[in-house]
Amino acid sequence: MRGKIYTLEELDHALPLVSAIVEDIREGYRRLRVRLESLGLEGRSGAMNPEEIIFDLPPDVRDLVDEIRDFISELGELGLYLRDPATGLVEAYGEQGENIVYFSWKPGEKRVRFYHGLFGSHRERKPVLAAV
């Protein structure tokens, strides 16, 4: 495990910046999907080497990918991890009782109030207050 271990208060304090970065990612991701669809490439992904895919794309699409990567790097510098560019779900290490967990936040949530275990999925998010 690497990265900052946040308190809920620290994450809530960072939300205005995190929210702005996440919205930039979501908008870039939406534009990228639209552009790939216009090129007939929307199904082109996982089975190929990502660097080969990027190399074969038009310059404007590569620029979009680079822009999204830069925003994701900004989150990483803050100690947050983007889990879903479409929904904007981000996670950060935190503590719940004696356990290190992932605190989880997505746009539309006013505060960080969900978590899941390190080996769990964001689909298993639980309210922080319900944690033991």
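Which residue in β3 is the bridge partner of L80? Select L80 and β3 to find out: the partner is A92.

Before going on, note that this is a predicted model, in which local features need pLDDT of at least 70, side-chain atom pairs count only at pLDDT 80 or more, and totals for chains, interfaces and linings use all residues. Residues are numbered from 1 along each chain as its sequence is written, and side-chain values use heavy atoms, with hydrogens and water left out.

Now colour the whole chain by element. The protein chain has three helices and six strands, in the order β-α-α-α-β-β-β-β-β from the N terminus. Helices (H or I, at least four residues) and strands (E, at least two) are DSSP runs, numbered from the N terminus.

Next, select β2 and β3. These strands run antiparallel and are joined by four bridges; two strands pair if DSSP finds at least two bridges between them. Four residues lie between the strands of this hairpin, where G88 takes a positive phi near 85°.

Return to L80 and show its contacts (heavy atoms within 4.5 Å). Beyond its neighbours within four places in sequence, L80 touches Y6, L11, V18, L75, V90, E91 and A92.

Finally, select V18, L75, L80, V90 and F103, which touch the most other members of the largest nonpolar core, a set of 29 residues. Such a core consists of buried Ala, Val, Leu, Ile, Met, Phe, Trp, Tyr and Cys residues joined through side-chain atoms within 4.5 Å; buried means under 20% relative accessible area (1.4 Å probe, protein chains only).

Key
Buried means under 20% relative accessible area, exposed over 50%, partly exposed in between (1.4 Å probe, protein chains only).
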